[in-house]
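This briefing reviews helix packing, ligand surroundings and backbone geometry. Please consult the sequence and the structure shown below alongside the notes that follow.

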Amino acid sequence: MNINLDAEQALIGAVLMNPDALDVVDGLVRAEDFSEPVHVQVYDAFLRARDEGRRVDVTLMQSVLGLDAKTVLVKGMTTGEYIAKLAANATTVLNAPDYARVIAEAANYRRLEQSGRMLSDRASQGYSGGTPGEVASSIITDLDAIVMATANKGSRRVSVGDAVASAHSVLLDRMEHGVETGIGWGVSDLDDVTKLYPGELTIAAARPSMGKTTLALSSCLAAARSGAGVLFVSLEMGEVSLGQRVLSDIAYEPDQTPIAYTDIRDAKVSQADMQRLSVALERVRQYPLIIEQEPGLTVSQIAARARAARKPLMRDFNATLDLLVVDHLGLIASGDRYAGARHLELGAITSALKVLAKDMQIPVLLLCQLSRGVESRENKRPQLSDLRESGRIEEDADTVVLLYREAYYLERTKETEPDKDMIRMERLRDCRNVLEINVAKQRQGATRTVEAFVHMPSNAIRNLARRY
Ligand SMILES: Nc1ncnc2c1ncn2[C@@H]1O[C@H](COP(=O)(O)OP(=O)(O)OP(=O)(O)O)[C@@H](O)[C@H]1O
């Protein structure tokens, strides 16, 4: 049986003796990992009390259980007796992480058992259990959630001497083999401030039409051009639309008339431009960039696609998977677990993508559409706080970039007074091709706003300094 009541009692007892134990085991165990329902209830209440700044103690435990000390609670014991037993079994804070790991591991074994039973039940029901594809896909989703929950988990306790020795060996390795610089965005001004680093989750957030897809796709092309293997998961746009944008971007040259992707879509292309597009097509064929286009993928399915993409990248391009891009968070389908509680679901999605980045040691770039609230402000530049209403996006992200195009708003706000409208038109001329990229959060670096050149009709983003 994958149940370890002793470990559960030891951990809860440790928290009762010293509530700091909750912080020590943070991220190692969740309330739902406990097997005993009373423990689930108590541990959940402990966490909520800690987060709300309330006291975590015996009184809280009694009030949660809604029982007086004489009511029989677990295994014939009253609450009072049970609390005394917990205190007797309590482990010290130092041992708490070991017990937390044991509890989480037992929970994951139980989940595996349950998934196996469900697979066997549904498969034996034949078509009434779902098509073979549906049954397989549901089990993949469950198994993936377990992989995510167990990947790279746990803190390591090391002495400062060991930590410095590790840093020194990384330094020696980098002096010999060069620095791991991460994947660039294709805009060197932005690369100077931040890149897409292996093991990290980067969020690019903006209101619609600001250029999220443009930046992401343009960056994927730049990365693939330099030989990095890329998977672009599009939950929104079909492969033909994406292909039109790619062609337009690759064919973009500052000294030539741009070929808008809408013109490619509408077949409004001259013979000379057809030539340019053929050249672009030949070039892009060599790029190790795979586009996965399917609406309604869950985060587990995205993770499974990322793992599966490694094979064709190696086979067809001799490349590894070096970057995963997901367009966009709001379109990632909900799993069953948090049905109806979207903010919890969004939190689960961003933390799962963060775990995926760590587990596969690749950068993950997630696009995120901000809500209308941004537009109710005088200054419509997005801020980090605009992310807060959507789960734990901000906490999970290692880096957040916020995109803003002033031109988008200027194009839509004609002034009634001629003088004012003149000023608006002048300002629009100056900023028509400017994309502001605000690196608003970066765990390991500076925050700053950079400006990039953007030609929205061609999906092209380049350095502004060169003044295309
Ligand atoms: N020919 C054009 N002229 C002017 N603007 C254009 C043109 N073609 C596209 N755009 C602008 O580019 C936007 C699309 O850019 P992009 O897809 O990168 O935005 P996004 O931030 O990803 O938005 P969404 O969340 O709506 O997908 C259009 O909504 C439009 O504002």
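Helix α1 passes helix α3 in a left-handed crossing. The model is a predicted one.

**Helix α1 with helix α3**

- Helix α1 spans residues 5–17 and helix α3 spans residues 37–51; their axes lie 11 Å apart at an angle of about 30°.
- Because angles under 35 degrees count as roughly parallel, α1 and α3 are roughly parallel to each other.
- On the α1 side, the contact is formed by L5, E8, Q9, L11, I12, V15 and L16, and on the α3 side by H39, V42, Y43 and F46.
- By class, the residues of this contact between α1 and α3 are eight nonpolar, two polar and one charged.

**Helix α10 with helix α11**

- The axes of helix α10 (residues 212–225) and helix α11 (residues 239–251) are 11 Å apart, and the packing angle is about 65°.
- Helix α10 is therefore roughly perpendicular to α11.
- The crossing of α10 and α11 is right-handed.
- From α10, the residues T213, T214, L217, S218 and L221 meet L242, R245, V246, D249 and I250 of α11.
- Five nonpolar, three polar and two charged residues make up the contact of α10 with α11.

**Helix α6 with helix α7**

- Helix α6 (residues 96–124) packs against helix α7 (residues 132–150) at an angle of about 175°, with 10 Å between their axes.
- Since angles over 145 degrees count as roughly antiparallel, α6 and α7 are roughly antiparallel to each other.
- In α6, the residues N108, R111, L112, S115, M118, L119 and R122 meet a set in α7 consisting of E134, V135, S138, I139, D142, L143, I146, A149 and T150.
- The contact of α6 with α7 holds eight nonpolar, four polar and four charged residues.

**Surroundings of the ligand**

- There are 15 residues around the ligand, and S209, K212, T213, T214 and R245 come nearest.
- T213, T214 and R245, which are among these nearest residues, also take part in the contact of α10 with α11.
- T213 places a polar side-chain atom 2.8 Å from an oxygen atom of the ligand.
- Q369 likewise has a polar side-chain atom 3.0 Å from an oxygen atom of the ligand.
- For M210, a polar backbone atom lies 3.2 Å from an oxygen atom of the ligand.

**Backbone geometry**

- Most residues other than glycine have a negative phi, and most peptide bonds are trans.
- The peptide bond that joins D327 and H328 is cis, with omega about -5°.
- H328 is located in the loop between β6 (321–327) and α15 (342–360).
- A267, a residue other than glycine, has a positive phi near 55°.
- The loop between α12 (261–265) and α13 (271–285) contains A267.

Methods:
Residues are numbered from 1 along each chain as its sequence is written. This is a predicted model: local features need pLDDT of at least 70, side-chain atom pairs count only at pLDDT 80 or more; totals for chains, interfaces and linings use all residues. Side-chain values use heavy atoms; hydrogens and water are left out. Axes are lines fitted to C-alpha atoms, for helices over the stretch in contact, and angles run from 0 to 180 degrees between N-to-C directions. Helices (H or I, at least four residues) and strands (E, at least two) are DSSP runs, numbered from the N terminus. Angles under 35 degrees count as roughly parallel, over 145 as roughly antiparallel, 65 to 115 as roughly perpendicular and the rest as oblique. A crossing is left-handed if the near helix is turned anticlockwise from the far one by less than a right angle, and right-handed if clockwise. Contact means heavy atoms within 4.5 Å. Ala, Val, Leu, Ile, Met, Phe, Trp, Tyr, Cys and Pro count as nonpolar, Asp, Glu, Lys and Arg as charged, and the others, Gly among them, as polar. A residue is near a molecule or strand if one of its heavy atoms lies within 4 Å of it. A polar contact is a pair of N or O atoms within 3.5 Å; within protein, one must be able to donate a hydrogen and the other to accept it, and residues adjacent in sequence count only if both atoms are side-chain atoms.
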